[in-house]
Amino acid sequence: MQQLNCCVLVPTYNNAGTLKRVLDGILERTDAVIVINDGATDGTSDILKNYPSIEQIHLPENKGKGNALQVGFKAAISQGYDYAITIDSDGQHFPEDLSVFLDELQKEETPNVLYIGSRNMQQEDVPGKSSFGNKFSNFWFWFETGTKLQDTQCGYRLYPLHALKDLKFYTPKFEFEIEVIVRLAWDGTLVKNVPVRILYDETERVSHFRTVPDFARISVLNTWLVIVTIFYIKPRNFIRKIKKKGFKKFLLEDLLRSDDSPKIKALSIALGIFLGIAPFWGFQTILVFALATVFRLNKAITFAFSNISLPPLIPFIVYFSIKIGVWITGEEVSFSMEHMTENFGMLQNLKTYLIGSFALAIMSALLFGIIGYLTIVFFGKKKIIVDNG
């Protein structure tokens with residue numbers, strides 16, 4: 001703990017039945033401990049009086065685990081610690097597993113890493129709602145960050161405090177533990193799981209998680225994080241990648257030489273072209289990343305080709321959409337004021353355009369997909385020949 005300049009944070013609220021055992025277990029391994037009493041109304045304060053050597057922060061009222069953790073982080077940062085391991089006070093975590101985090105950190109290549117304990121959710125004593133909630137959280141974390149984890153809800157974690165200094169958080173309760181890992185991942189912190197043991201003793205464990213209100217808060221948070229991911233994070237990362245590599249290198253490495261098969265690349269091109277032309281006004285970006293994720297296609301390629309509807313090309317797309325719509329429906333389109341104000345002519349024009357637009361999108365997607373496939377296969381074979389001399 002001293003070598004890695006790490007402390008232990010213990011947020012606690014009405015866990016008097018297990019707090020002493022948790023603190024004694026921690027103190028056998030380190031005295032760098034900060035306890036945050038989150039306005040407990042049981043015997044927590046009396047228990048903490050027996051630990052004068054431990055730094056204690058007593059909050060006047062309960063404001064939530066997220067708020068308590070943020071208070072603890074600020075205290076740890078002010079004391080110059082580089083890392084903080086958070087452990088719950090309800091007795092479900094084993095203080096002996098502190099060494100698991102430290103061992104992993106010593107082997108890690110980057111100091112900017114956040115470790116989350118990975119529990120065995122298949123244990124017989126794990127509540128069904130905990131297992132479901134964990135799978136739910138894992139999915140959304142993967143969608144929001146692109147990182148797959150086995151456990152995103154465990155409170156046993158190691159945080160890189162330097163990465164938290166300049167971040168402002170907006171959630172004060174249980175949902176904070178989701179916000180913090182997503183925000184850190186967005187900022188470039190490596191987020192990984194490490195295996196830890198878990199004990200669910202329902203005779204002494206006190207959980208303050210309220211199923212309906214807290215799950216609702218988490219759902220609202222994930223909704224917001226998904227929106228930010230789709231409309232800001234994904235495009236930002238895509239643009240950063242192009243800037244970092246240069247467009248030519250990006251095109252060669254990510255489009256022609258990525259690990260995806262020619263079929264996946266061609267389907268990604270086709271989907272991007274379809275979404276770029278089809279009249280999904282205002283929803284193209286969200287559909288690009290959502291559908292590319294669902295169908296396991298290359299999101300970078302899909303996003304790149306969805307930008308076919310750039311302003312200089314829009315008049316041509318609209319023109320050909322209307323022409324194809326007229327050809328399919330057999331209805332002539334007039335833009336005269338009389339036609340637009342009588343007999344819902346405007347809606348008729350819109351119908352013709354929509355039909356033509358979808359038809360143009362399908363035909364263009366097929367054409368670009370086939371051309372893309374043949375091009376990728378050709379350059380792939382050419383590269384093999386060159387590599388083999």
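**Exercise 1.** In which loop does Asn14 lie?

Solution. The model is predicted; local features need pLDDT of at least 70, side-chain atom pairs count only at pLDDT 80 or more, and totals for chains, interfaces and linings use all residues. Residues are numbered from 1 along each chain as its sequence is written, and side-chain values use heavy atoms, with hydrogens and water left out.

Step 1. Asn14 is found in the loop between strand E1 (6-12) and helix H1 (16-27); helices (H or I, at least four residues) and strands (E, at least two) are DSSP runs, numbered from the N terminus.

Step 2. The phi of Asn14 is near 55°, a positive value in a residue other than glycine. Most residues other than glycine have a negative phi.

Step 3. Asn14 has 16% relative accessibility and therefore counts as buried (under 20% relative accessible area; exposed is over 50%, with a 1.4 Å probe and protein chains only).

**Exercise 2.** Determine whether Arg296 is buried or exposed.

Solution. Arg296 belongs to the loop between H11 and H12 and has a positive phi of about 55° although it is not a glycine. Its relative accessible area is 73%, so Arg296 is exposed.

**Exercise 3.** At what angle do H11 and H12 pack?

Solution. Step 1. The angle between H11 (residues 284-294) and H12 (residues 299-306) is about 150°, and their axes are 9 Å apart; axes are lines fitted to C-alpha atoms over the stretch in contact, and angles run from 0 to 180 degrees between N-to-C directions.

Step 1. H11 and H12 are therefore roughly antiparallel (angles over 145 degrees).

Key:
Angles under 35 degrees count as roughly parallel, over 145 as roughly antiparallel, 65 to 115 as roughly perpendicular and the rest as oblique.
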